[in-house]
Amino acid sequence: MITDAPIAPTGVAGLDPQCLTTNLGWLLSQASFAYGCEQAKALEPLGLGARGCCVLTTAMTGEYTQTQLAHAVGIDKTMMMVTLDELEQNGLAERRRSPTDRRAHVIEVTAAGRAKVAQAQAIIDEVQEAVLSSLPARQREAFWAGLRHLVTERLAEPPECTPAVRRREPRA
């Protein structure tokens, strides 16, 4: 792969990561981290993070257990519990017993949660548009199509790996 533009240094003086521009993992990680930080900053005034927004948005599409939501959103059960605790404390979601399995809880998004998702989605749309506007329209469409294909096909389920790959947390 030949790049059209140099990759900006990642904060280490004099470091030129050009050698990584053919590394898919590095490119996806850099893009994800930078985009995640930009989105988090934009959502901060709402008091809702990207993870909570994803949980609420997904929960609004049906009646799902905590486990089903965790799997759909791509977080572990411990992080799902923490996220749901926060959403409940803020009046955005409620856990209730599943009508089909007394041992499980389904997540119901409150009216306040639905309103918060609508606000968050408007912000996310703005951030996405701003980020993707740096690509010509033809490349933007191809980027979306390719990324959707990867995450619904070849990269739909991560394989078991040891040691487990950790997702990078935003720096404070």
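Which residues does V109 touch, not counting residues up to four places away in sequence?

## Surroundings of V109

In this predicted model, the residues in contact with V109 are L56, A59, M60, L92, A93 and R114, when residues up to four places away in sequence are not counted. V109 itself belongs to strand β2, which comprises residues 105-109. With a relative accessible area of 7%, V109 is buried, because the cut-off for that class is under 20%.

One of the residues touched by V109 is L56. The C-alpha atoms of V109 and L56 lie 6.4 Å apart in space, although 53 residues separate the two in sequence.

## Packing of α1 with α5

Two packed helices are described by the angle between their axes and the distance between the axes. Helix α1 covers residues 24-43 and helix α5 covers residues 111-132; they pack at an angle of about 140 degrees, with 10 Å between their axes. That angle makes α1 oblique to α5, since only angles over 145 degrees count as roughly antiparallel. The crossing of these two helices is right-handed.

On the α1 side, the contact is formed by Y35, E38, Q39, A42 and L43, which meet A120, I123, I124, V127, Q128 and V131 of α5. Sorted by class, the residues in this contact are eight nonpolar, two polar and one charged.

## Packing of α3 with α4

Helix α3 (residues 66-73) packs against helix α4 (residues 77-89) at an angle of about 105 degrees, and their axes are 10 Å apart. The two helices are therefore roughly perpendicular to each other, as the range for this class runs from 65 to 115 degrees.

In this contact, Q66, L69 and A70 of α3 meet M80, M81 and L84 of α4. The classes represented are five nonpolar residues and one polar residue, with no charged residues.

## Salt bridges

Side chains of opposite charge can pair when their charged atoms come close. A search of the whole structure finds six salt bridges. One of them joins the side chains of R96 and E63, with an N to O distance of 2.9 Å. R96 lies in strand β1 (residues 93-97), whereas E63 lies in the loop between α2 (50-59) and α3, so the pair ties together parts that are 33 residues apart in sequence. R96 is partly exposed, at a relative accessible area of 33%, and E63 is also classed as partly exposed, at 44% relative accessibility. A network of salt bridges links E63, R96 and E108.

A further salt bridge is formed by R95 and E88, whose closest N and O atoms are 2.5 Å apart. E88 counts as partly exposed, with 30% relative accessibility. R140 and E129 also meet through their side chains in a salt bridge, at 3.9 Å from N to O. This pair links distant parts of the chain, with R140 in helix α6 (residues 137-152) and E129 in helix α5, 11 residues apart. E129 is partly exposed, its relative accessibility being 45%.

How values were computed:
Residues numbered from 1 in each chain as written. Predicted model: local features only at pLDDT ≥ 70, side-chain atom pairs only at ≥ 80, totals over all residues. Heavy atoms only, no water. Axes fitted to C-alpha atoms, helices over the stretch in contact; angles between N-to-C directions. Helix = DSSP H or I, 4+ residues; strand = E, 2+ residues; numbered from the N terminus. Parallel < 35°, antiparallel > 145°, perpendicular 65-115°, else oblique. Left-handed = near helix turned anticlockwise from the far one by under 90°. Contact = heavy atoms within 4.5 Å. Nonpolar A, V, L, I, M, F, W, Y, C, P; charged D, E, K, R; others polar. Salt bridge = Lys/Arg side-chain N within 4 Å of Asp/Glu carboxyl O. Buried < 20%, exposed > 50% of the residue type's maximum accessible area, 1.4 Å probe, protein only.
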